[in-house]
Amino acid sequence: MVQELKGIETLRSDFVRNFSHEFKTPITSIRGFAKLLQACDADDEEKQEYLNIIVQESERLVHLSTNVLNLSKIESTEIISEKIIYSLDEQIRLAIVMLEPKWSDKNLHVDIQLEDGIEILGDKNLIHQIWVNLLDNAIKYTDTGGVIKVRLCRSGQKAVFRLEDDGCGMNEEILLHIFDKFFQGDTSHTLAGNGLGLTLVKKITELCEGTIEVQSEPGKGSNFIVELPLGLNARI
C-alpha cells in the first residue's frame, strides 16, 4: 500500500511539474512580446510579428486548458450514459472538413475511403474528439506535400478506423510512451502541441470499450488503428 501511494504521489508530482512547464512557456512568451510592444521601438512589421506570436501562444493556452479539462472529465467518468446511434462515416468526414485549413496549408493529399452506412452506438461528442486529435496529430507530423490515408470499414461487430501518414515515424522508445500525459516525441518542441491529444484518444477509446493500436517505424510514417464496438442496438 505504501508503495502504491508513493507511485500515485510520483505520478501526481510529474503531472503538476509537466503541466506547470507547458502552461508557463506560452505565458512567458506572451509577456515577453507584450513588453516589446510596450517599448514602442519596433517598426510596423515587427509589431505585427509580435502580435501574431501573442495570438498563437494564447490559442495554445486555450487548447491546453481545454485538453486538461476534457482529460479530467474523462478520467472521472466510469460509464457513458448519453449514447445515441449515429453515422460514423459522416462524423469522420466532418472532422476532415473541419481540419481542412490545416492540411491545405501544408498542401497535403488526404486519401479518403470510408465505408458508407456504418452506424455506431455511443457518445457522439466524445468520440468526435478521437478523430480530431488523431487527424490533427497526423497533419502535424506529415511533411508538406505528404499523404494521409483515412480508412473506415466494418469488421463483424466492430467499426475499424485506420489513419496512415507518410511522416517521420516513431522509434520503439517513443511508441512505449506515446499515450503518456504530456509526452512529446518532438523533444525540440519545434512542433506545436502539449502531449495530451493522444492521451485523450486512448482514454476515450477505452471508455467506449474499444482499442487503439499504433504501428510505426522511423522514416516510414505511422498507422493508427481504432476499433469500436457497433453496439447491440446499432443497425448492421
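**Packing and charge pairs**

Leaving aside its neighbours within four places in sequence, F161 is in contact (heavy atoms within 4.5 Å) with I92, W131, L134, V150, R151, L152, F224, I225 and V226. The model is a predicted one, in which local features need pLDDT of at least 70 and side-chain atom pairs count only at pLDDT 80 or more, while totals for chains, interfaces and linings use all residues. Residues are numbered from 1 along each chain as its sequence is written, and side-chain values use heavy atoms, with hydrogens and water left out.

F161 also belongs to the largest nonpolar core, a set of 42 residues in which L88, I92, I127, W131, L134, V150 and F161 touch the most other members. Such a core is defined as a set of buried Ala, Val, Leu, Ile, Met, Phe, Trp, Tyr and Cys residues joined through side-chain atoms within 4.5 Å, where buried means under 20% relative accessible area, exposed over 50%, and partly exposed in between, with a 1.4 Å probe and protein chains only. Two or more residues of this core come from each of α3 (88-98), β2 (109-114), α5 (124-141), β4 (147-155), β5 (158-165), α7 (197-207), β6 (211-216) and β7 (222-229), these elements being DSSP runs numbered from the N terminus, with helices (H or I) of at least four residues and strands (E) of at least two. The most is given by α5, with nine residues. In soluble globular proteins, nonpolar side chains tend to be buried together.

Turning to charge, the count comes to eight salt bridges, each being a side-chain nitrogen of Lys or Arg within 4 Å of a carboxyl oxygen of Asp or Glu. One of them joins R154 to E115, with the closest N and O atoms 2.8 Å apart; this pair links distant parts of the chain, since R154 lies in strand β4 and E115 in the loop between β2 and β3 (119-122), 39 residues apart. R154 is partly exposed at 28% relative accessibility, and E115 is partly exposed at 29%.

Another salt bridge brings together the side chains of E227 and K158 at 3.5 Å, N to O, linking strand β7 with strand β5 across 69 residues. Here E227 is partly exposed at 25% and K158 is partly exposed at 41%. E217 and K220 also form a salt bridge, their closest N and O atoms being 3.5 Å apart; E217 is partly exposed at 43%, whereas K220 counts as exposed at 63%. Finally, salt bridges that share partners join D89, R93 and D116 into one network.
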